[in-house]
Amino acid sequence: MGVLMSRRQTVEKVQKVSLAVSAFKDGLREQPAARRRAEAGGTRRETLEQTVQEGEEEASAGPSQPEEVSASKAAWERLRDGRGVEPEEFDRANRFTPPAFIRPQRELHDDEPPDISLEQREQVLNDEMCEICEVWTAESLFPCRVCSRVYHDGCLRRMGYLQNDSAVEVTETAHTETGWSCYYCDNLNLLLTEEEMYSLMETLRQCKIIPETCLTLDDFLHYKHLVHKQQFEQPMEEAQEERATLQFSALDPDKKGHIEWPDFLSHESIQLLQKLRPQNSLLRLLTVKERERARAAFLALDQDGDGFIGEGECHRARHSWFRKHQKETPSCNVSISHVGPMSESSPASSGSGKSQEKTLLATEQEEARPIDWPSFLRENVAYILAARPNSAAVHLQPPA
C-alpha cells in the first residue's frame, strides 16, 4: 500500500510541475519572436504560432466581439497543441491536469517496409496500472482497444474526458468485442507531426474554416472545392462532388445536417496522412492490437491456407472487420466507426442509389487478383487507422 501511496504523491508532484511548466511556456510565448527563434527547435514551433496568429488576425478583422476573438484564438491554440475541445466554462476544480502532448516526429527509416510477419503472432498485453493515477485495481480498469493503456472511469472524469452519457458507453463497451478507444487513440489528429499539422492549419486558414465549428453540406463542399482547386489547379468534377456528398453523409450518420468538428478533423487528418506519407510509414503507426486483428482477419479469409486471398475478399474485409460491431440495443447509429464499403444498412448508403449500383457492379466485375499478406496490410492500413475514433461517423470512405 505504501508503494501505491508514494506513486499517487509522485503524480501530484508531477501535476504541480506540469502547471509550472505550462505557465513558463505561456511566458515564453509573450517574449519577442526574435528570442524564440534563437531557441533550439524553435523554427517548426514558430510556423504553427504564425498560423495561429494569422487566424487570430483574420478573426479580429471582422465585426466579431472581443469574446468571439478570444474564443477563436483559444480554438486555434488547442488545434495547434493537439488538444480537444475545452470550453472556457469547463470546471477544472479538483481535476487532474492533462499531460502535455508532444507531436511525433518522422524517423529516417519510416519509408522502409516494416517486418510484420503473418506466421509470428504477437502477444497482446494491457498495462497493469491506470495511465493517469498509476494505481492497479484489477477489473475496474478500462482498457483501450487500440493501445495498451488502461484507465479508471473516475480518473477519466477528473481529467474531463468522461462526461454524461460517455461514461455509460465506456462502461458498456470497454470489456466487450466492440471496445473503446482512449482519448489518445480517439483523436487521429495526434498522429500528425508539427510539419503536417502546420500544413493542415494553413489549408484551414486559407479556406476560412474556423476550428471547433460544425460544417453544413454547403460548407463541406465549398471546402472540398477550394482544396481540390489548390491541389490540382482545376475545378472539381461532378463525380468528385458526388463522392464528397457521400462522404458528408458518412460523417453525419445521425442525419443532423452538419458534421461535428472532431469528425471533420479526424477525416482531414487521415486524408493528410495518406497524401504526405507512404504506406510503409503508415504501417509503423499500427499497434500490436491492430496488427493482431489484421492477422486474424487475413487468416479467416485465407481458408485454403496458401497465403493469398482474392481482391473481393480484401475489399469485403473493410466492411466486416474495419469497423466495430453493432450494439445489441437498437440504435440509429447502425455502425460505430464503420470503415469500408457502404452496406445496405449503413447510414451513408442512402446518399445515392446510383453510387450503390456502381459499387455492386464493380464488385461483380472485380478481377481475381491474388493479394498476399504484405499487400493486404498496405492496402488497408489507412482504414485500420480511420477506425480508431469512438464516433459513429465513417472517417474514410473507400473508393467504389
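Colleague: Hi! Which residue does E122 form a salt bridge with, and how far apart are the closest N and O atoms?

Modeller: E122 pairs with R295, and their closest N and O atoms are 2.9 Å apart. A salt bridge here is a side-chain nitrogen of Lys or Arg within 4 Å of a carboxyl oxygen of Asp or Glu. Bear in mind that this is a predicted model, where local features need pLDDT of at least 70, side-chain atom pairs count only at pLDDT 80 or more, and totals for chains, interfaces and linings use all residues. Residues are numbered from 1 along each chain as its sequence is written, and side-chain values use heavy atoms, with hydrogens and water left out.

Colleague: Thanks! What parts does that pair tie together?

Modeller: E122 sits in the loop between α4 (66-81) and β1 (141-143), while R295 is in helix α12 (residues 288-301), so the bridge joins parts 173 residues apart in sequence. Helices (H or I, at least four residues) and strands (E, at least two) are DSSP runs, numbered from the N terminus.

Colleague: And is R295 buried or exposed?

Modeller: R295 is buried, with a relative accessible area of 2%. E122 counts as partly exposed at 24%. Buried means under 20% relative accessible area, exposed over 50%, and partly exposed in between (1.4 Å probe, protein chains only).

Colleague: Which residues are in the network with R295?

Modeller: Salt bridges link R121, E122, R291, E292 and R295. Within it, E292 and R295 have their closest N and O atoms 2.7 Å apart. Those two are three residues apart in helix α12, so about one helical turn separates them.

Colleague: How many salt bridges does the rule give?

Modeller: The count comes to 12. Another one is E202 with R205, at 2.7 Å between the closest N and O atoms, and both residues are buried.

Colleague: Switching topic: where is D252, and what is its nearest side chain of opposite charge?

Modeller: D252 is in the loop between α9 (238-251) and β4 (258-259). D252 is buried but has no salt bridge, as the nearest side chain of opposite charge, K255, is 6.2 Å away. For charge, Lys and Arg count as positive and Asp and Glu as negative; His and the chain ends are not counted.

Colleague: Last one: where is the kink in α15 centred?

Modeller: The α15 kink is centred on N380 and is about 50°. The bend at a residue is the angle between axes fitted to the seven residues ending there and the seven starting there. In α15, 11 of the 14 residues are buried, so the helix is largely enclosed by the rest of the structure. N380 is one of those buried residues.
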